[in-house]
Amino acid sequence: MTITSPEADQIRAARLAGAMYLITMGTGIFGQSFVRGSLLVRGDATQTALNIIESERLFRVGIATDLITFTGVVVLIWALYVLLRPAGKNLALLAVLFRLVEVAVHYVAVLFSLSALVLLSGADYLAPLGEDQLHALARVALNTQGAGLNLGFVLLGLGSAAFAYLFLRSRYVPKILAGWGVFASLLLSASAIAVILFPAVGRFVLAAMVPMFIYEVTLGFWLLLKGAKIRPDSTSAA
């Protein structure tokens with residue numbers, strides 16, 4: 001069977017999406033777990049500030065890694081749209097909108113990390129503020145960034161759920177994987193909303209992210225190594 005041009009585009013987009021799932025997951029984990037996990041101390045603004053001052057280069061690497069991650073997500077969104085548009089153009093477009101707004105929110109959140117660096121820079125114009133005040137303000141900036149990331153997760157979950165549903169309809173990947181994606185995505189979105197309503201829930205958010213991690217890594221390897229099962233009847237079957 002001769003592969004038509006749109007089908008060839010879908011096949012290439014599937015491989016690209018798989019690669020971007022794995023790349024953005026890797027850079028995201030590096031930025032959050034390795035960089036912030038080693039510098040931010042829960043409940044201790046002063047120690048957090050000292051860690052950032054002593055490891056400013058590492059903190060800046062973390063910011064750059066965030067930008068790489070969010071830019072990679074834009075490429076991922078484009079690849080998923082090309083791949084899944086035949087299965088449902090309107091829903092695919094809605095998923096794109098959710099995820100692009102997510103990226104915009106996450107980009108804005110990065111500004112608060114840069115603000116924390118400014119507050120801890122020791123610039124002369126900050127002299128009227130005491131050291132403790134600067135440390136507290138830097139921590140407020142970092143906490144605000146965390147709130148921005150959480151807000152983006154609401155949109156990430158909604159957009160990912162829509163894409164996963166299109167995978168389910170199109171049968172491009174195993175149904176169990178696509179179904180798990182719908183569940184994991186909605187769970188992430190719901191947990192992010194729960195944190196806004198009940199801040200104490202935040203300590204359990206990591207557990208809610210595990211299903212999403214499993215979904216994105218598994219889907220990434222599947223699309224990269226096996227590709228999507230593009231069939232002439234995929235759209236009509238959907």
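Good morning. The accessible surface of this protein, by the Shrake-Rupley method with a 1.4 Å probe, comes to about 11,900 Å², and carbon and sulfur atoms account for 70% of that area. The structure is a predicted model, in which local features need pLDDT of at least 70 and side-chain atom pairs count only at pLDDT 80 or more, while totals for chains, interfaces and linings use all residues. Residues are numbered from 1 along each chain as its sequence is written, and side-chain values use heavy atoms, with hydrogens and water left out.

I turn to the fold. The protein has eight helices and zero strands, where helices (H or I, at least four residues) and strands (E, at least two) are DSSP runs numbered from the N terminus. In order, the elements read α-α-α-α-α-α-α-α. The C-alpha trace spans about 75 × 35 × 25 Å along its principal axes.

Next, the packing. Of the 238 residues, 43% are buried, meaning under 20% relative accessible area with a 1.4 Å probe, protein chains only. Contact means heavy atoms within 4.5 Å. Among contacts between residues at least 6 apart in sequence, 81% join residues at least 24 apart.

Finally, one residue in detail. H106 sits in helix α4, which covers residues 89–119. Is H106 buried or exposed? H106 is buried, because its relative accessible area is 3%. Which residues does H106 contact, leaving aside its neighbours within four places in sequence? The partners of H106 are F70, G148, L149, G152 and F153.

Terms used. Buried < 20%, exposed > 50% of the residue type's maximum accessible area, 1.4 Å probe, protein only.
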